[in-house]
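Open the model in your viewer and keep the selection tool at hand. This tour goes from the whole chain to a few parts of it.

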Amino acid sequence: MNIISKQKNSGTKAIQIESLHKNFGEYKALNNLSLEVNRGEIFGFLGLNGAGKTTTIKTLLGMLRPTSGKLYMLGEKVHAGNYKLWDKVGYLEEATFYPDLTVIENLDIARRMQGVSDKESVNRVICKLGLEPHEKKKAKQLSLGNKQRLGLAKAMIHKPEIMILDEPINGLDPAGVAEIRNMLYDLAKNFGVTIFISSHLLEELAKVATRIGIIHNGHLIQEIEMAKLEQSLQKNLVLDGRDKNALKGVLKEQGYEFEETMDGHLKLTDGQAVENPERLAELLVKSNQPPTLLSVITEDLEGYFLRTIGMARGNI
Ligand SMILES: Nc1ncnc2c1ncn2[C@@H]1O[C@H](COP(=O)(O)OP(=O)(O)OP(=O)(O)O)[C@@H](O)[C@H]1O
């Protein structure tokens, strides 16, 4: 028997947010934010501290009232009193438990609060999260990683169709991240569960999400499929020579734009130079300025994130 019943894939989106605004007094925490998440997707919601992730999540969960805009989950309008909807949604904010109760006791309370009659559901989530060796420990004695596991177990005790997870892999070591990633993949792929994960680390989200949305100053500034992210990473040609001024002179003469890097090398983003570094090498040798360094470097994920936000800063 399936551990979690396979969800039906109807045509409606799992999450729809339309032109959402949320003001705190004069402050616009969310400013015309729209996004959609398909069923069975693992959507990574990425943003710096204060970007508006938690405000979006709390509004989506009916805990905050939007200033304007529309929110739907599983095709149903979001509002705090829609209990039918909350039965289908699991939420991990920060791992909160009764510290002096054991893992089993904490999960049994969560089970009863969710109105789940099947007592076996506690064992089911303990197995799913690999918490068996710790099930009799008090919550306060758990490591940070195992507290996160307990939080996830609570979020999924009622077999939700959507799981909304705020920073779920905080405090997990690489093996723990891999375990949680496999579990989330399994839930999404084999059981059609939709997973919405927020984080401020793209490296972290890239390991689990199938698509990411970047939020900055309350705006959604970019959405990208993880499979296409590699192509979006900027490539730069980094260059140096014995006589930097003469080298710059040759580059200027040939119409190449460049900038100096923090460590004093020259960086070219020009597509021609990046795609054909050998041509530039030949040119420099012919100009009697043979390079001492010539290397194509692909930006890392955090570099991509910061560049995307930097670009947005100029536009907003
Ligand atoms: N109740 C509130 N009253 C006033 N301002 C608030 C309130 N809640 C959030 N804010 C502000 O709204 C902005 C967005 O906050 P939010 O918590 O959504 O960001 P976040 O992306 O989740 O950040 P973090 O990663 O630090 O949790 C912040 O500038 C925050 O100070």
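Begin with the two domains: the C-alpha centres of domain 1 and domain 2 lie 47 Å apart. Select 15–225 for domain 1 and 235–298 for domain 2; these bounds come from an automatic or database domain assignment. Residues are numbered from 1 along each chain as its sequence is written. This is a predicted model, in which local features need pLDDT of at least 70 and side-chain atom pairs count only at pLDDT 80 or more, while totals for chains, interfaces and linings use all residues.

Now show the whole chain. Its C-alpha trace spans about 80 × 45 × 35 Å along the principal axes. Switch to a cartoon to see 12 helices and 14 strands. Helices (H or I, at least four residues) and strands (E, at least two) are DSSP runs, numbered from the N terminus.

**Stop 1: a hairpin**

Select β1 (residues 15–24), which runs antiparallel to β2 and is joined to it by 7 bridges. Strands count as paired if DSSP finds at least two bridges between them. Find Q16, and opposite it you will see E36 in β2. At the turn, 2 residues separate β1 from β2, and G25 there has a positive phi of about 60°.

**Stop 2: around the ligand**

Which residues are around the ligand? Select F24, Y27, A29, G47, N49, G50, A51, G52, K53, T54, T55 and H200. Colour the shell by type to find 4 nonpolar, 7 polar and 1 charged. Here Ala, Val, Leu, Ile, Met, Phe, Trp, Tyr, Cys and Pro count as nonpolar, Asp, Glu, Lys and Arg as charged, and the others, Gly among them, as polar.

**Stop 3: helix α4**

Select α4 (residues 120–128), where S121, V122, V125 and I126 are buried (20 or more other C-beta atoms, placed from the backbone, within 10 Å of the residue's own). Look down the axis of α4: its buried residues fall within an arc of 140°, so they line one face of the helix. The arc is that of the directions from the helix axis to the C-beta atoms.

How values were computed
A residue is buried if 20 or more other C-beta atoms lie within 10 Å of its own, exposed if 12 or fewer, and partly exposed in between; C-beta atoms are placed from the backbone. A residue is near a molecule or strand if its C-beta atom, placed from the backbone, lies within 6 Å of it.
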